[in-house]
Amino acid sequence: MSRRAFAVVSGVALLAACYHPRDTIPAVPVAALPGHAALTVDTSPKSDLRMVPTEAYVRTYLALFGGLAPLELQKRARGADGAQLFDTWGDYLATLGLPDYKTDLPRARETNALMLATFERLGAALCDRAVEHDLRGSKPRVVFDFDAPKELDVTAFTPRFDVLHRTFLGYPEKLAPGRAARFFDLYAKTLTRHAGDAGKTGKDKPKLAPNEAAWAVVCEGLVRHPEFHLY
Amino acid sequence: MDVLRLEVGPALQFRPPSTSLRRVTILGPDGKSLYVYYRPNQRRIREATDGEFCLTKAETGLSFPPNKPHVGSAIAVKQEALDAATVQIKPWWLYRDYRSAAPVLRYGEAWKTPDVGYQPIDELLLEADEHTPTVAVRVCKEEAQGAESGTVYATGRKPSKGPPPFDRLRPLPLDDVYAKANAGKPIACRAGAAVSLSVDCGCGVGLERCYPGEGFKRDGKAFVMPSKTPLGVDLPFDQAEQSPSDWMKLWWTQEAVRFLGKVFRENRDFREVLTARWSTVNGPLAQFYRSNAAANSGKTKAFGLVDDGEPLFDPGAVPVGLLPHDVGTWETVADRGPHAAGILTMPAFLTKYASRRARGAALYASFLCKGFVAGDVMLMPSTEPNLMKRPGCATCHATLEPLAAYFSRVVETDWRWLPEGPMPTLDPRCKLDASGKAPGFCRDYYDPAFSSKTEGMLRGAYASPAHAAGGPVLAGAELAASPELGTCVVERVAAGFLGRALDPDDATLVTSLRAAFVDGGYKIKPLVRSLLRSPQYRSANNLASKGTP
C-alpha cells in the first residue's frame with residue numbers, strides 16, 4: 001500500500017470512528033417497560049401545607065391576651081416599656097402578611113422569616129406581660145392560671161406546665177411524652193442563670209424575678225412551638 | 001375581599017365643594033377669635049360676597065383664598081354685620097336631635113350614649129379659645145338654609161374689566177349657560193351644582209347635607225375613626241383623626257363588606273353579588289345616599305342634568321330613621337332602584353375601579369378567573385381608534401371593550417348613572433364640526449374618535465351600544481348566567497380553604513365542588529360542606545407531631 005493510499009484509508013477509518021449513527025429507541029407502551037406493568041398514573045394533588053390565615057393567628061393572640069381588642073392588646077403589650085417589646089400594630093401588619101387593600105398590597109401566601117419573627121415578638125410580649133400580670137396576683141389570671149412558688153421540682157412543675165400546654169398547644173402534656181421533662185430542664189436552667197439577679201437593686205434590678213423569668217421562657221418556648229403555629 | 005380589594009386608596013378624595021364646609025377664624029365683635037363655617041362658591045344675593053365668604057374684607061380685615069390661610073390683619077367684625085351675614089346653628093355633628101326645632105341632645109352632654117364608632121374630633125367640640133364647649137356653630141346664612149329645593153339664580157351680570165370689586169379675591173361670578181337658560185326654575189338642593197346655581201339652597205336642616213372640617217382646607221379633619229381594620233371595623237388596629245372623605249370611603253367599603261357578609265351568612269344565592277337590588281346601609285351611608293351622592297353632578301349641567309336623574313341608589317329608599325351618627329346600626333334596603341346590581345353599583349367598586357376598562361377588567365378577573373395576556377403581535381404605529389381592531393391591542397381589547405361598555409353610563413370615578421334621556425348614546429349636540437372637533441362640554445362624556453358630523457358617540461359605548469344601554473344590571477345578569485362563574489367561585493373558595501393555589505391535579509376536585517355549588521343553587525354552604533369533606537382539605541395540613549420538642 002502506497003503512502004498516499006494509506007493516508008486515505010486512515011482518514012476514512014478515522015472519520016468512521018468519529019461518526020456514530022443517531023441513537024433511536026423504538027416507542028413501546030409504558031406497561032411494556034420493565035417494572036411498569038403494575039403502575040398507575042398518580043393523579044393525586046401534590047399539595048403544600050395549608051397556611052392558616054394571619055387573621056386566625058392574630059385572633060388567637062387576642063384570645064391568649066384575655067380576649068382583648070387589638071388596641072387594648074397593643075397597650076398591654078407595650079406596658080410601661082414603650083416600644084421595647086412591642087411597637088404598634090401598624091409596624092407589624094405588613095410583616096404578618098396581611099393585605100392592604102387601600103394600596104393593593106396583596107396577602108402573603110407563604111410564611112417568611114419576618115412573619116415568624118413578628119409572631120415571636122408578639123409571643124414574647126404576651127409571655128412577659130402575662131407573667132407580670134398573672135404571677136403578681138392580678139386577677140383574673142390570663143395565661144399562668146396557677147400559683148408559682150419560687151422552688152419547684154419536676155413533679156410540681158408538670159401540672160403547671162400542663163396548664164400552659166393545653167392553652168398553647170390544645171392538648172394535655174402527657175400525650176407528648178418527655179416534653180414536660182425537657183421544658184423543666186429549660187425552666188431549671190433559666191432559674192439558675194437568673195439566680196444571681198436576686199440581690200440586684202436600682203437600675204440593675206431585672207424586671208422579672210428568677211422564677212418569673214423561668215416561667216416566661218417556658219411560655220415563650222410554647223408560643224414559638226411548631227405545633228402552636230399549626231394548632 | 002382579597003380578590004376585589006374594595007378599599008379606596010388615598011388617590012381618590014370625596015370632597016365636593018357643595019358638601020365641604022370650611023371653617024375660618026375671624027375676630028368677633030368682642031375682639032375674641034370666632035369660628036365661621038362657609039362654602040366657597042356659594043351664591044349670595046349680596047354682590048360683595050357672591051361666590052365667596054359671606055363677610056367682606058372691609059368687615060373682617062381678612063381675605064380667604066381657597067385652601068390657603070387667610071391674608072390680612074383681622075379687625076373685630078361689627079355685630080350688625082355679623083348678624084346680617086351669619087346665623088347660629090345646632091349642627092348634625094353635635095346634636096343627636098338636630099332635626100328638631102330646638103335641639104338639646106349635645107354630643108357628650110345630654111346625648112350621653114352616642115354610638116362608640118361616632119367620635120367628632122375635639123377641635124369640632126370646642127370654640128376658638130380651645131376650652132369653651134361649642135353649643136352652636138356660626139355659619140353663613142345661605143349655607144344655613146334648610147329647604148330641599150331652590151331656584152336657579154341668574155344676575156344678568158356682564159364681565160367687567162379691572163381688579164375685582166369690594167376687595168374681592170376673584171371677579172364677581174357670571175351666569176353660565178345653564179343659569180341663563182333656567183333662571184327662576186326649581187333645582188334640587190342635593191344636587192352638587194346647586195351651590196353655584198342658587199342663592200336659596202343651603203346645607204339643609206342641621207347642615208345635614210354638608211360635612212364639617214377643622215380648618216380652611218377642603219379636607220380638614222373631622223372624625224376619629226378606625227384606620228386599619230384587618231379583623232373588621234369593630235376591632236380596629238389603629239385610630240386616627242381623619243377627614244370626611246376618609247370617613248365616607250370607610251363606609252363605602254363597609255357597605256360592600258356587610259353586603260358580602262349577608263350573602264354568605266344567610267346562605268343566599270351567590271349570584272346576588274352581581275345582581276341584587278338590595279343593600280345594607282348605616283347612618284353615614286344613609287346620609288350620603290340621601291343627601292350627598294349627587295354632589296359631583298356639576299359637569300353634566302350642560303346636558304340639562306344637574307342632579308343624579310336616575311340614581312344607582314334611590315334616595316327615597318334610604319331608611320328615614322337612620323341618622324349620620326348611627327355608625328353601628330345597619331339596615332337592609334330591599335330595593336335600591338332599577339339600576340342597582342349587587343356590588344357593581346356600589347361606590348366602593350366604582351371608585352376602586354374608577355374607569356370603564358378597570359371595571360370591566362375587574363369583573364373579568366374576579367368573577368370569571370380570567371386575565372388579559374397580550375398576544376405575540378408587534379405593536380405597529382396605528383391611527384385606528386378602535387382598539388378592538390388595532391394590531392397588537394385587539395387581542396385584549398376585543399374582549400375588554402365590550403366589558404367596559406357596560407359602564408359607559410356610570411360616570412368614571414363616580415357613582416352616577418347618565419340617563420338615556422338627557423344623554424343619549426348618539427347625541428346630535430355633540431357632533432363634530434368641520435374641523436373634526438366636538439363642543440367643549442361634550443368632551444368628558446362623548447368620544448370624538450367615534451363621533452360623526454351628525455352625532456356624538458357616548459364614551460365607551462362604541463364597542464357595544466347594547467351593553468351601554470343595559471349597564472351594570474346587564475353585566476351582572478350576563479355574568480350570573482355564565483357557566484364560568486361557578487367554576488371561578490369554586491376555585492377561589494377552594495384555594496382559600498386549602499391555603500394554596502389550585503393546579504391541574506385538582507381538576508377532579510373542582511368538578512365535584514362545582515356540581516355541589518351549582519346544584520345547590522349557587523349557595524356557599526353546600527360548596528363549603530363538600531370542600532370540607534374532600535380528602536384534599538382533610539390532608540392539607542397533615543404534619544405529625546413526631547420529632548418536635
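1. Contact range in chain A. In this predicted model, 52% of the contacts in chain A between residues at least 6 apart in sequence join residues at least 24 apart. Of the 231 residues of chain A, 25% count as buried.

2. Secondary structure of chain A. The chain has 9 helices and 0 strands. Read from the N terminus, the order of elements in chain A is α-α-α-α-α-α-α-α-α.

3. Domains of chain A. The domain assignment places domain 1 at 49-138 and domain 2 at 146-231. The C-alpha centres of these two domains of chain A are 21 Å apart. Contact between them involves 9 residues of domain 1 and 9 residues of domain 2. On the domain 1 side, the touching residues comprise 6 nonpolar, 1 polar and 2 charged.

4. Packing of α7(A) and α8(A). Helix α7 covers residues 179-193 of chain A, and helix α8 covers residues 210-223. Their axes approach to within 8 Å and cross at roughly 145°. The crossing of α7(A) past α8(A) is right-handed. From α7(A), the residues that take part are Phe183(A), Leu186(A), Tyr187(A), Thr190(A) and Leu191(A). They meet Pro210(A), Asn211(A), Ala213(A), Ala214(A), Val217(A), Val218(A) and Gly221(A) in α8(A). By class, this contact has 9 nonpolar and 3 polar residues, and no charged ones.

5. Arg193(A). This residue belongs to helix α7 of chain A. Why does Arg193(A) count as partly exposed? Arg193(A) is placed in that class because it has 13 C-beta neighbours inside 10 Å, whereas a buried residue needs 20 or more and an exposed one has 12 or fewer. Leu116(A) is 77 residues away from Arg193(A) along the chain, and the C-alpha atoms of the two are separated by 27 Å.

6. Nonpolar cores. The largest nonpolar core has 128 residues. Which of its residues touch the most other members? They are Tyr38(B), Val139(B), Ala194(B), Leu197(B), Tyr289(B), Phe349(B) and Leu513(B). Helix α6 of chain B, residues 244-265, contributes the most to this core, with 7 residues. Apart from this core lies another of 34 residues, including Leu64(A), Phe119(A), Phe161(A) and Phe184(A).

7. Tyr289(B). This residue is one of those in the largest core that touch the most other members. With neighbours within four places in sequence left aside, Tyr289(B) is in contact with Val281(B), Phe313(B), Pro315(B) and Val318(B).

Terms used. Residues numbered from 1 in each chain as written. Chains lettered and ligands numbered in written order. Predicted model: local features only at pLDDT ≥ 70, side-chain atom pairs only at ≥ 80, totals over all residues. Core = buried A, V, L, I, M, F, W, Y, C linked by C-beta atoms within 7 Å. Helix = DSSP H or I, 4+ residues; strand = E, 2+ residues; numbered from the N terminus. Contact = placed C-beta atoms within 7 Å. Domains from an automatic or database assignment. Nonpolar A, V, L, I, M, F, W, Y, C, P; charged D, E, K, R; others polar. Axes fitted to C-alpha atoms, helices over the stretch in contact; angles between N-to-C directions. Left-handed = near helix turned anticlockwise from the far one by under 90°.
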